[in-house]
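Good morning. I will take you through one model, chain by chain, and then look at where the chains meet. Please have the structure open.

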Amino acid sequence: MFEAVAFYLFAFLTITMFFITVTTSQALYALSALAAGMIFISAFFFILGADFLGAVQIIVYTGAVMALYAFGMMFFDTTREVKEKQGNKYIIVGLSTLAAVLVVVIFAAPMVSENIVALYPAIEGVGNTQEVGLVLFTKYLVPFEVAAIMLLVAMVAGIVLAGKKMDLSITLMNDAEIEEQKNKKVLS
Amino acid sequence: MMEIGLNHYLVLSTILFAIGLVGVMRRKNLLLLFFATEILLNAVNVAFAAISHYYGDLTGQMFAFFVIAIAASEVAVGLGLLIVWYKRHSSIDLDALTTMKG
């Protein structure tokens with residue numbers, strides 16, 4: 001009973017938030033709605049007993065990814081209205097629904113054919129975090145380390161891409177130097 | 001109706017994925033396009049966690065973790081590229097990217 005109420009409540013909230021994200025014309029509203037939707041998604045993980053995944057969802061998505069987007073938005077002109085593509089609405093919605101159903105069929109087909117077996121069954125008597133730790137640091141140790149290297153590479157790439165000319169400070173330059181920098185930027 | 005099964009979660013995942021795809025197809029602003037891809041990844045994560053729960057298998061949760069890691073690095077690199085593009089063209093519209101159009 002409680003599970004059903006929680007499921008329907010959070011399903012409604014999540015769908016509403018993500019619908020706002022894809023339809024609003026204000027970038028700031030889209031960001032806020034996306035952050036709220038991420039938190040509501042973590043509620044499903046808690047209902048499903050994946051406590052650690054829910055905590056990671058909140059920390060990584062609303063803590064790291066949304067903060068990164070918020071900082072990134074300071075570089076862009078986000079106050080003006082976002083223009084939309086003027087395409088055929090029915091074709092877009094139809095294609096999207098078709099593709100989404102296909103994805104679910106890809107997930108569900110092996111289960112319907114009844115040949116799915118639990119590779120790493122849940123261990124009795126320990127919490128979710130211990131289970132995750134046991135599986136992650138035995139069976140999935142190499143993918144885990146590769147993911148760590150990938151995150152490091154992404155961090156270095158982000159710094160290199162966004163950090164160009166960060167050593168220049170306009171407040172410390174006089175007008176002639178600023179003009180010189182502007183001309184250089186046009187030429188490059 | 002009152003018993004929540006795997007199908008409920010898969011239907012929810014389908015709806016969220018469809019919303020994300022609509023966003024990908026109709027958005028012109030690259031930043032909002034990134035938001036739509038986040039929705040796609042989250043929809044798949046819900047399906048992974050639900051399958052993991054109803055089959056008593058932890059592999060689904062493991063893949064959800066790796067999806068989250070990939071999403072985080074995608075944001076870091078994508079936002080860096082977006083900032084470079086904005087510095088050069090002062091616009092992040094998709095139409096400004098069609099420089100190879102004949």
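Of the 188 residues in chain A, 20% count as buried. Buried here means that 20 or more other C-beta atoms lie within 10 Å of the residue's own, exposed means 12 or fewer, and partly exposed is in between, with C-beta atoms placed from the backbone.

Before going on, some housekeeping. This is a predicted model, where local features need pLDDT of at least 70 and side-chain atom pairs count only at pLDDT 80 or more, while totals for chains, interfaces and linings use all residues. Residues are numbered from 1 along each chain as its sequence is written, and chains are lettered from A and ligands numbered from 1 in the order in which they are written.

Chain A has seven helices and zero strands. Helices (H or I, at least four residues) and strands (E, at least two) are DSSP runs, numbered from the N terminus.

How confident is the predictor? Chain A has a mean pLDDT of 82, with 85% of its residues at 70 or more. Within chain A, helix 1 of chain A has the highest mean, 92, and helix 7 (residues 175–187) of chain A the lowest, 70. Where pLDDT is low, the predicted coordinates should not be read in detail. Chain B averages 86, and 97% of its residues score at least 70. For the model, ipTM is 0.89 and pTM is 0.84.

Now to the interface. How many residues of chain B are in contact with chain A? The count is 59, and they meet 69 residues of chain A. Contact means that the C-beta atoms of two residues, placed from the backbone, lie within 7 Å. On the chain B side, helix 3 of chain B gives the largest share, 21 residues. By class, that side has 42 nonpolar, 13 polar and four charged residues. Ala, Val, Leu, Ile, Met, Phe, Trp, Tyr, Cys and Pro count as nonpolar, Asp, Glu, Lys and Arg as charged, and the others, Gly among them, as polar.

Next, the largest nonpolar core, which has 64 residues. Such a core is a set of buried Ala, Val, Leu, Ile, Met, Phe, Trp, Tyr and Cys residues joined through C-beta atoms within 7 Å. The members that touch the most others are L16(B), I39(B), V46(B), A47(B), A49(B) and A50(B). Helix 2 of chain B gives the most to this core, 15 residues. Domain 1 (1–83) and domain 3 (140–188) of chain A both contribute, so the core lies between them; the domain bounds come from an automatic or database domain assignment.

Take V46(B) as an example. Beyond its neighbours within four places in sequence, V46(B) is in contact with residues of both chains, among them I41(A), F44(A) and L16(B).

For contrast, is V11(B) buried or exposed? V11(B) sits in helix 1 of chain B and counts as exposed, because it has 12 C-beta neighbours inside 10 Å.

Last, the record. An unreviewed UniProt entry lists residues 6–24, 31–56 and 62–86 of chain B as "transmembrane region". UniProt positions are given in the numbering used here, feature names are shortened, and annotations may be inferred rather than shown by experiment. In the model, residues 62–86 of chain B are 100% helix and 0% strand, with end C-alpha atoms 36 Å apart.

Technical notes:
pLDDT = per-residue confidence, 0-100.
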